[in-house]
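This report walks through one protein model, part by part. Please look over the sequence and the structure before reading on.

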Amino acid sequence: MESGIQQRKPHYGAQRAFTFSFFMTTAVIVSYFPLYFQSVGYSTIQIGLLYSIGPLIGIVSNLFWGIISDKLQTVKKILLVILAAQLVMSFVVFQTANFGWLMVFMAVFFFFQSPTTSLNDSLTLLNISGTNKSYASFRIWGSIGFAAASLFFGLLLQQRGSGLTAILCLFTIGLSLVLSMLLTDGRSQSGKKIQFSGMVQIVASRQMVLFLLTITVVSVAHRFNDGFLALFLKQLGADPSIVGWSWMVSAVSEIPIFFLLSKYGHKYKELPLLAVCAIVYVIRFLLMSQVENPLWVIVIQAMHSISFGIFFFTVIRYIQRNVPDEFRATGQAIFAVCWSGVAGLVSGTLGGWLFRDFGPHVMYGIGAALSLIAVFGFLFLHYAYKHD
């Protein structure tokens, strides 16, 4: 009986194309949804409420779809379901004029959209398991997709107006749905029956709990920048093009780092490397806490390559080493809950309060302090669990 064992050779080209495509959708959601909602008359408070739904729903949806994926031992079929639902819900969202209903429909949309990244990561890791291929060589296509969409979609929207956002969103989700049909499903090659008590034992271990807490601390600092960069630039007097260039520079800066990591990343231990990333976060946010010229923000955003680029790759590698393949989707989902769910909620609440009452410079200073705490957290884990 061969149930649960991968039979076909993975279609790596389709995996890369899919990663490129769905990161284009991410660029539309992150960069251009707020401008669309603003163009149809919603206030900044209403837009903030719409975006606060994502992290909250993501906590539930990432775990739900991750567990379902591991239980059914399929990632591809889950991706097909959630992408089809995304397509339907995005159409509904753009047809909704009532704010109350829009909140409901955005919640449903994020329920299906939030787990896409973690499921794609799971599929990639399962399909390259036992090969000499690197996760970074696939993730780099996400950075290229995000950067390309940020630039070219921005030019299109500047010429045609924010009303084009709906068409771009539907196009990228539809393209991702078509490409997902070409993917090779990823399954555990161990052939073991799934016993989730084993996953609970791994996640509940002191080492993993401390690791996830440290990840969450640095993620909150990172999300300060994600959530409030545009508002910070606006306060500094920057025009919208500076915001676009800032996002593009950060995305493009990841590309050479992911290329280098795909070649040499395996040579370095994860926890010391994560401590280095956290140090770069400290420097990055200290600089942001002092900057007054918006053009310098573009330069500082290039540090995203080392802080986030190496950080994200290394966390994925650490989880891959510590979580068995049969729990791959659930393991990635738990990381997504910490990285985007819990950190998104905390950063939105804490960051919004700091930004409003003390100003963005203080908010970035707190981000630097949180990153410093993460430095000590990663170093403690490295020396306390050196035998692992």
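## The largest cavity

The model is predicted. Its largest cavity has a lining made up of F22, T25, T26, L83, Q86, Q113, T116, T117, I173 and S176. The most comes from α1, with three residues.

By residue type, the lining of the largest cavity has seven polar and three nonpolar residues, and no charged ones. The space inside the largest cavity is about 60 Å³. In total, the structure holds four cavities of 30 Å³ or more.

## Overall make-up

The protein has 388 residues, and 56% of them are buried. Its secondary structure consists of 15 helices and zero strands. Among contacts in the protein with a separation of 6 or more, 86% are between residues 24 or more positions apart.

## Nonpolar cores

In soluble globular proteins, nonpolar side chains tend to be buried together. In this model, the largest nonpolar core counts 68 residues. Within that core, the residues with the most contacts are F211, F232, V297, F311, V315, F335 and F378. Helix α9 (residues 206-235) supplies the largest share of the core, twelve residues.

Which residues does F335 touch, not counting residues up to four places away in sequence? They are I215, F312, V315, I316 and I319. Another core, of 51 residues, lies apart from the largest one, and F37, I82, M106 and A147 are among its members.

## The second largest pocket

The second largest pocket has a volume of about 270 Å³. Its lining consists of 15 residues, and K133, S134, Y135, R317 and Q320 are those that lie nearest the centre of the pocket. Two helices, α10 (240-264) and α13 (304-322), each give two or more residues to the lining. The largest share, four residues, is from α13.

Sorted by type, the lining of the second largest pocket has eight polar, five nonpolar and two charged residues.

## Aromatic pairs

There are 29 aromatic pairs in the structure. One of them joins Y281 and F285, which are stacked, with 5.6 Å from centre to centre and 25° between the planes. Y281 and F285 are about one helical turn from each other, because they are four residues apart in helix α11.

Are these two residues buried or exposed? Y281 is buried, as its relative accessible area is 0%. F285 is also buried, at 1% relative accessibility.

Elsewhere, ring pairs link several residues into a cluster made up of F33, Y36, F37, Y42, F94, F99, F109 and F110. Of these, F37 was named above as a member of the core of 51 residues.

A251 has its place in helix α10. The relative accessibility of A251 is 4%, so this residue counts as buried. Apart from neighbours within four places in sequence, A251 is in contact with S143, F146 and A147. A147 also belongs to the core of 51 residues. The C-alpha atoms of A251 and A302 are separated by 8.5 Å, and these two residues are 51 residues apart along the chain.

E292 is in the loop between α11 (270-288) and α12 (294-301). With a relative accessible area of 54%, E292 is exposed. Its contacts, leaving aside neighbours within four places in sequence, are with L236 and H361. Along the chain, E292 and Q235 are 57 residues apart, and their C-alpha atoms are separated by 9.7 Å.

Q73 lies in the loop between α2 (44-72) and α3. Although Q73 is not a glycine, its phi is positive, at about 55°. Is Q73 buried or exposed? Its relative accessible area is 13%, which means that Q73 is buried.

Conventions:
Residues are numbered from 1 along each chain as its sequence is written. This is a predicted model: local features need pLDDT of at least 70, side-chain atom pairs count only at pLDDT 80 or more; totals for chains, interfaces and linings use all residues. Side-chain values use heavy atoms; hydrogens and water are left out. A nonpolar core is a set of buried Ala, Val, Leu, Ile, Met, Phe, Trp, Tyr and Cys residues joined through side-chain atoms within 4.5 Å. Buried means under 20% relative accessible area, exposed over 50%, partly exposed in between (1.4 Å probe, protein chains only). Contact means heavy atoms within 4.5 Å. On a 1 Å grid over the protein atoms alone, a cavity is a set of points where a 1.4 Å probe fits but cannot get out, and a pocket is an open set with protein on both sides within 12 Å along at least five of seven lines; lining residues have an atom within 4 Å of a point. Grid points are joined across faces, edges and corners, and a volume is the space filled by probe spheres set on the points. Ala, Val, Leu, Ile, Met, Phe, Trp, Tyr, Cys and Pro count as nonpolar, Asp, Glu, Lys and Arg as charged, and the others, Gly among them, as polar. Rings of Phe, Tyr and Trp (its six-membered ring) pair if their centres lie within 6.5 Å; planes under 30 degrees apart count as stacked, over 60 as edge-to-face and the rest as tilted.
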